Amino acid sequence: MRILCWKCSGHGSATCDVCHGRKVKATPGSDGTLSFFACSACGTTGKSQCQLCQGSGWIDHPDSAPRTPPYIKDPLAGTWTATGGAWVISKTNTGYQVVEHGAAGPVGEGRVTSFDGDTVVVSISNKIMGHRQDVMRLRGNFLRKVNGFPITYSRC
Ligand SMILES: [Zn+2]
Ligand SMILES: [Zn+2]
């Protein structure tokens, strides 16, 4: 896999190391004055070939060593459906927010008040049924309600 050279951003050229892009070289003479010469290293373009990509603008991506860790799916964030309803759980800076959907659209909202990786406590205000607290057990792609009437939500 080839990726865009990060050193030259794909331009294939870098600032000339000899004249630092000024296209001329300043050489101090014996009397202290500077003499300017056209830079021969870059042919007075001020640029040299990018050393990293040899001017091609592309470098080989080390496939065996990915620079970013693999994306880890959030255990709770996502859409969960059950008979006659669904939860859309989204992760925010302050925790998980839950929007409860009925057949006709959103009917309530709440948040996860406790989650230890196994037990999920959800506090929800439903327009019809009022406020309630659901205690759920998380098993992979299933959320099973363990207090009150048993409902199982499965992840979409
Ligand atoms: Zn130069
Ligand atoms: Zn380059």
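Which residue in β8 is the bridge partner of Thr-81? It is Ala-86. This is a predicted model, in which local features need pLDDT of at least 70, side-chain atom pairs count only at pLDDT 80 or more, and totals for chains, interfaces and linings use all residues. Residues are numbered from 1 along each chain as its sequence is written, while chains are lettered from A and ligands numbered from 1 in the order in which they are written.

**Domains**

- The protein chain is divided into domain 1 (2-60) and domain 2 (78-155). These bounds come from an automatic or database domain assignment.
- The centres of domain 1 and domain 2, taken over C-alpha atoms, are 60 Å apart.

**The barrel**

- Eight strands form a closed barrel in the order β7-β8-β9-β10-β11-β12-β13-β14, with antiparallel pairing. Strands (E, at least two residues) and helices (H or I, at least four) are DSSP runs, numbered from the N terminus. Two strands pair if DSSP finds at least two bridges between them.
- On average, neighbouring strands of this sheet are turned by 30 degrees against each other, direction ignored. The axes are lines fitted to C-alpha atoms, for helices over the stretch in contact, and angles run from 0 to 180 degrees between N-to-C directions.

**Strand β7 and its partners**

- Strand β7 (residues 78-82) pairs with β8 in the antiparallel sense over 5 bridges. Ala-82 stands opposite Gly-85 in β8.
- A hairpin with 2 residues between the strands is formed by β7 and β8. Gly-84 in the turn has a positive phi of about 80 degrees.
- Strand β14 (residues 152-155) also pairs with β7, antiparallel, over 2 bridges. There, Thr-81 has Ser-154 in β14 as its bridge partner.

- Strand β9 (residues 95-102) and strand β10 (residues 105-115) are antiparallel, with 6 bridges. Val-98 stands opposite Gly-110 in β10.
- The hairpin from β9 to β10 runs through 2 residues.
- The pairing of β10 with β11 is antiparallel too, over 7 bridges. Phe-115 has Val-120 in β11 as its bridge partner.
- The hairpin of β10 and β11 has 3 residues between the strands. In this hairpin, Gly-117 takes a positive phi near 95 degrees.

**The nonpolar core**

- The largest nonpolar core has 11 residues, among them Leu-76, Trp-80, Trp-87, Val-98, Met-136 and Tyr-153. Such a core is a set of buried Ala, Val, Leu, Ile, Met, Phe, Trp, Tyr and Cys residues joined through C-beta atoms within 7 Å.
- The elements giving two or more residues to this core are β8 (85-92) and β11. The most come from β11, with 3 residues.
- Leaving out residues up to four places away in sequence, Trp-87 touches Trp-80, Val-98, Glu-100 and Tyr-153. Contact requires C-beta atoms, placed from the backbone, within 7 Å.

**Asn-126**

- Asn-126 lies in strand β11 (residues 119-126).
- Asn-126 counts as partly exposed because it has 15 C-beta neighbours inside 10 Å. A residue is buried if 20 or more other C-beta atoms lie within 10 Å of its own, exposed if 12 or fewer, and partly exposed in between, with C-beta atoms placed from the backbone.
- Neighbours within four places in sequence aside, Asn-126 is in contact with Glu-100, Val-107, Gly-108 and Arg-132.
- Asn-126 and Glu-109 are 17 residues apart along the chain, and their C-alpha atoms are separated by 6.6 Å.

Methods. Two residues are in contact if their C-beta atoms, placed from the backbone, lie within 7 Å.
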